[in-house]
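Below are some notes on side-chain contacts in this structure, written as numbered points. Please read them with the model open.

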Amino acid sequence: SSQFGLPVLPQCSGPVASSPVPCFQKVDQRGGTAYPSVDTGWALEISLDLQVAHAVCTNCSLLLVEADSNSYANLMAAEDRAVALGANEISNSWGGGEFSSESSYDVHFNHPGVAITASSGDSGYGAQYPSSSPYVTSVGGTTLSINIDNSYSSESAWNRGGSGCSRYEPKPGFQAFITACARRTTADVSADANPSTGAAIYDSTPYQGVSGWFQIGGTSLSAPLVAAVYALAGGLA
């Protein structure tokens with residue numbers, strides 16, 4: 001925030017959803033403070049999501065929910081906790097290969113009125129979960145070009161951005177016009193994800209022995225970008 005002249009969010013003095021001023025709150029998946037052990041990879045993901053969301057929606061409150069582990073049970077508990085604590089937009093910068101029982105987890109993303117984004121993946125063609133859930137906005141990737149004064153120039157598809165046809169999720173009504181896939185198609189929208197045009201992120205937790213400034217991309221970048229845009233637009237109608 002100091003580097004780029006952004007407002008510094010204070011710690012929330014109470015529930016984030018009822019704060020009279022924008023603030024930051026961190027909880028575990030139960031809403032408490034029993035946080036998981038530090039993991040360098042997840043620490044960098046957390047820094048990326050929070051800093052990108054704050055950069056785009058500078059006066060939005062931020063809620064970080066840390067799951068006990070990357071198991072689906074714990075990640076879904078964290079998802080539900082974010083909703084229970086009043087989150088209007090939720091960014092998920094994680095995903096994995098599809099599996100036959102994945103639709104049983106869709107209930108955790110089915111929250112009318114809450115905009116939920118999910119990274120489509122960084123391995124090119126092939127759908128992944130939860131990006132393939134019909135209840136999330138699947139966010140793919142672009143390469144962003146800017147002018148010398150940092151103003152917007154153009155974008156093109158990033159060749160590693162995830163996309164494809166789900167093997168298990170039904171086709172949602174808003175994709176009825178898509179005939180190439182019999183089921184759910186990803187991605188829905190895209191934003192900057194090419195690491196060569198990625199965001200400047202500061203991480204105090206050493207990642208591969210290095211801390212400080214990183215240039216980070218991937219659809220882990222584009223998912224919070226789009227979630228923050230939802231917030232700027234006033235959320236879902």
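1. A residue is called buried here when its relative accessible area is under 20%, exposed when over 50%, and partly exposed in between. The model is predicted, and side-chain atom pairs were counted only at pLDDT 80 or more.

2. Arg184 has a relative accessible area of 0%, so it falls under the 20% limit and is buried. Its side chain still has a charged partner: Arg184 forms a salt bridge with Asp188, with 2.8 Å between the closest N and O atoms. Asp188 is partly exposed, at 29% relative accessibility.

3. How many salt bridges are there by the rule used? The count is three. Besides the Arg184–Asp188 pair, there is a network of salt bridges that links Asp28, Arg30 and Asp68.

4. Arg30 is partly exposed, with a relative accessible area of 43%, and Asp68 is partly exposed at 34%.

5. The aromatic pairs number ten by the rule used. One of them is Phe99 with Tyr129: the ring centres are 5.7 Å apart and the planes are at 75°, so the pair is edge-to-face. Phe99 lies in the loop between strand E4 (96–97) and strand E5 (115–119), and Tyr129 in strand E6 (residues 128–129), so the contact ties together parts that are 30 residues apart in sequence.

6. Tyr129 is buried, at 0% relative accessibility. Its ring also pairs with that of Phe109, with centres 6.1 Å apart and planes at 75°, so this pair is edge-to-face. Phe109 lies in the loop between E4 and E5, so its pairing with Tyr129 in strand E6 ties together parts that are 20 residues apart in sequence. Phe109 is buried, as is Tyr129.

7. Which residues make up the aromatic cluster? Ring pairs link Tyr72, Trp94, Phe99, Tyr105, Phe109 and Tyr129.

8. A charge-to-ring contact is also present. The charged end of Lys26 sits over the ring of Tyr35, 4.2 Å from the ring centre.

Definitions and conventions. Residues numbered from 1 in each chain as written. Predicted model: local features only at pLDDT ≥ 70, side-chain atom pairs only at ≥ 80, totals over all residues. Heavy atoms only, no water. Salt bridge = Lys/Arg side-chain N within 4 Å of Asp/Glu carboxyl O. Buried < 20%, exposed > 50% of the residue type's maximum accessible area, 1.4 Å probe, protein only. Phe/Tyr/Trp six-rings, centres within 6.5 Å; stacked < 30°, edge-to-face > 60°. Helix = DSSP H or I, 4+ residues; strand = E, 2+ residues; numbered from the N terminus. Lys NZ or Arg CZ within 6 Å of the ring centre and 35° of its normal.
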